[in-house]
Amino acid sequence: MSNHLLRAGLRATILPHRSISLSAVCTKNVVLEQKLKDEIHPKIGNREIVGFGLNGLATYVDRCEFPCPAIRFKEDTPEVLKLREKEKGDWKNLTLEEKKALYRASFCQTFSEINAPTGEWKMFLSVILLSLAATGWIMLFVKKFVYPPPPKNLTREWQEKMLQKMLDEEQGRIMGISSKWDYEKLEWKK
């Protein structure tokens with residue numbers, strides 16, 4: 001479809017002599033074959049095809065990287081058609097409101113509106129924080145209700161009793177724990 005649209009646009013394109021315009025680049029409407037027209041126009045309505053676009057499809061996308069969409073943003077209304085006829089003349093005769101209306105008929109957003117911060121980072125941050133909070137609550141639930149209680153040999157009292165038992169039995173008298181204990185002074189060797 002993209003090749004058909006490109007070929008049809010190139011067949012009917014004649015570059016205008018003026019350098020800046022909000023209207024279509026071609027002086028005639030793009031002539032499409034009936035099969036292609038039946039395929040495209042139910043999707044885009046009464047909007048004018050003005051160029052190749054981002055990928056050759058008849059879609060409208062506001063992007064700074066590619067500022068020329070394939071179709072106009074709004075459908076042609078009688079007011080817009082009158083402004084387009086008036087646009088073909090001297091631009092000094094157009095008021096600022098008429099120029100803005102022509103721009104808004106062709107484009108949805110200006111470059112500054114496209115680049116304006118959207119506040120989308122707040123949603124991402126809230127999702128991250130909520131997922132961290134949910135993870136913490138799940139960890140607490142699992143630790144409290146799923147895991148068995150820790151074994152008794154992890155307590156400090158049990159470890160002290162075991163150390164005392166090892167010292168009483170004189171385990172590791174040559175190189176072990178008992179070799180570091182002074183049995184006469186009842187304290188650790190320095």
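Contact here means heavy atoms within 4.5 Å. This is a predicted model, so to speak a computed picture: local features need pLDDT of at least 70, side-chain atom pairs count only at pLDDT 80 or more, and totals for chains, interfaces and linings use all residues. Residues are numbered from 1 along each chain as its sequence is written, and side-chain values use heavy atoms, with hydrogens and water left out.

**View 1. Ile 114 and its contacts.** Ile 114 sits in helix α5, residues 111-115 (helices are DSSP runs of H or I with at least four residues, strands are runs of E with at least two, and both are numbered from the N terminus). Skip its neighbours within four places in sequence, and Ile 114 is in contact with Asp 62, Arg 63, Cys 64 and Gln 109. Cys 64 is 50 residues away along the chain, yet the two C-alpha atoms are separated by 7.3 Å. Ile 114 has a relative accessible area of 23%, so it counts as partly exposed (buried is under 20%, exposed is over 50%, partly exposed is in between, with a 1.4 Å probe and protein chains only).

**View 2. Cys 64 and Cys 68.** Cys 64 is partly exposed at 27% relative accessible area, and Cys 68 is partly exposed too, at 49%. Searching the whole structure turns up zero disulfides (a disulfide being a pair of cysteine sulfur atoms within 2.5 Å).

**View 3. The two faces of helix α2.** Helix α2 spans residues 34-44, and its buried residues are Leu 36, Ile 40 and Ile 44. They cover an arc of only 35 degrees around the axis, so they lie on the same side of α2 (the arc is that of the directions from the helix axis to the C-beta atoms). On the face turned away from that buried side you'll find the exposed residues Gln 34, Lys 35 and Pro 42. Just after α2 comes Gly 45, with a positive phi of about 75 degrees.

**View 4. Ser 179 in its loop.** Look for Ser 179 in the loop between α7 (156-168) and β1 (181-182). Its relative accessibility is 19%, so Ser 179 counts as buried. The Ser 179 side chain reaches the backbone oxygen of Gly 176 at 2.6 Å. Not counting residues up to four places away in sequence, Ser 179 touches Gly 172, Arg 173, Ile 174 and Lys 189.

View 5. In the model, residues 123-142 are 100% helix and 0% strand, with the end C-alpha atoms 28 Å apart.

Terms used. A polar contact is a pair of N or O atoms within 3.5 Å; within protein, one must be able to donate a hydrogen and the other to accept it, and residues adjacent in sequence count only if both atoms are side-chain atoms.
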